[in-house]
Amino acid sequence: MNVLLHPTYFPSIATFVAVAKAENIVMETQDNYQKQTYRNRCYIYAANGKLQLSVPVNFSQKNRQKYSEVTIANNYNWQDNHFKSLESAYRTSPFYEFYIDELQPLFTETFNSILDFNLKCFETICECLQLETNISKTEVFEKNPTNLKDLRNLVNAKKETILPLEPYTQVFDTKHGYINNLSILDLLFNEGPNTISYLTAQNIF
């Protein structure tokens, strides 16, 4: 399966189901930026339930702007806040200590482009999973691409139609129950080396 995806901030589990099963991954880099999407947000499972982490960006909808041109608003202390949120949510999870050192540079280094940052997040998660991927980038935008399974709709945070994923143990599920399709970080911290087996066992596409 050859899939076309948007690079997003710590992608959803559904996105990584596609990644784990794909032979080749093509990242959409020629589209226009849109708000209310996973391009600059992800969801984790915190003590009070589902928590949104948003990367602040410099963007105006008045004029169309390419995704590749959108910059991160680094005048906000967002990296430290996100890291503390992850620590609070997952420090008691089985595999937090196993992976956090690999992830920490993403919250200490300065990134200017949200697209480049998301690609780095994706690369880092693949390294954590020891998942070898064949990745390329689009050179032009195609509304109806050929020879690719178009999964760019997975970027839509407000219009999800994802079938339920198989439940797994989550840190706070005794308080709030199972929460479906969070960031891949939730699965990684809770399932660790079993993450790949979990992803390949899902049938949602």
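Reply: Let's start with how the pieces get their names: helices (at least four residues) and strands (at least two) are DSSP runs, numbered from the N terminus. On that basis the chain has seven helices and eight strands. The radius of gyration is 16 Å, close to the 17 Å that the globule rule gives for 205 residues, so the chain is as compact as a globular protein of that length. Do keep in mind that this is a predicted model.

The C-alpha atoms fill a box of roughly 45 × 40 × 30 Å along the principal axes. Of the 205 residues, 50% count as buried. If you take contacts between residues at least 6 apart in sequence, 70% of them join residues at least 24 apart. The accessible surface comes to about 10300 Å², and carbon and sulfur atoms account for 43% of that.

Now for the part I'd pick, helix α2. This helix covers residues 78-90, which makes 13 residues.

Which residues of α2 are buried? They are W78, Q79, H82, F83, L86, A89 and Y90. Look down the axis of α2 and these buried residues fall within an arc of 130°, so they line one face of the helix.

What covers that buried set? The cover of α2 includes the strands β3 (41-46), β4 (49-54) and β6 (71-72). It also includes the helices α3 (96-103), α4 (114-129) and α6 (184-191).

One of those neighbours, α3, is worth a look of its own. Its buried residues are Y96, Y99, I100 and L103. Seen down the axis of α3, they fall within an arc of 115°, so they too line one face of their helix. Turned away from that buried side, α3 carries the exposed residues E97, F98 and D101. The cover goes both ways here: what covers the buried residues of α3 includes α2, along with α4 and α6.

That brings us to α4, which runs over residues 114-129. C126 counts as buried, because its relative accessibility is 5%. C128 is buried as well, at 7%. Are the two sulfurs bonded or apart? The closest cysteine sulfur to that of C126 is in C128, 9.3 Å away, which is too far for a bond. C128 is in no disulfide, and a search of the whole structure finds zero of them.

On the β3 side, Q36 is found in the loop between β2 (24-27) and β3. Q36 has a positive phi of about 60° although it is not a glycine, and it counts as partly exposed at 42% relative accessibility. On the α6 side, N181 is in the loop between α5 (173-176) and α6. Phi of N181 is near 55°, again a positive value in a residue other than glycine. N181 is buried, with a relative accessible area of 4%.

Methods
Residues are numbered from 1 along each chain as its sequence is written. This is a predicted model: local features need pLDDT of at least 70, side-chain atom pairs count only at pLDDT 80 or more; totals for chains, interfaces and linings use all residues. Side-chain values use heavy atoms; hydrogens and water are left out. The expected span of a helix is 1.5 Å times one less than its number of residues. Buried means under 20% relative accessible area, exposed over 50%, partly exposed in between (1.4 Å probe, protein chains only). The arc is that of the directions from the helix axis to the C-beta atoms. Contact means heavy atoms within 4.5 Å. The radius of gyration is taken over C-alpha atoms; the globule rule is 2.2 Å times the number of residues to the power 0.38. Accessible areas come from the Shrake-Rupley method with a 1.4 Å probe; for residues, only the protein chains shown count as cover. A disulfide is a pair of cysteine sulfur atoms within 2.5 Å.
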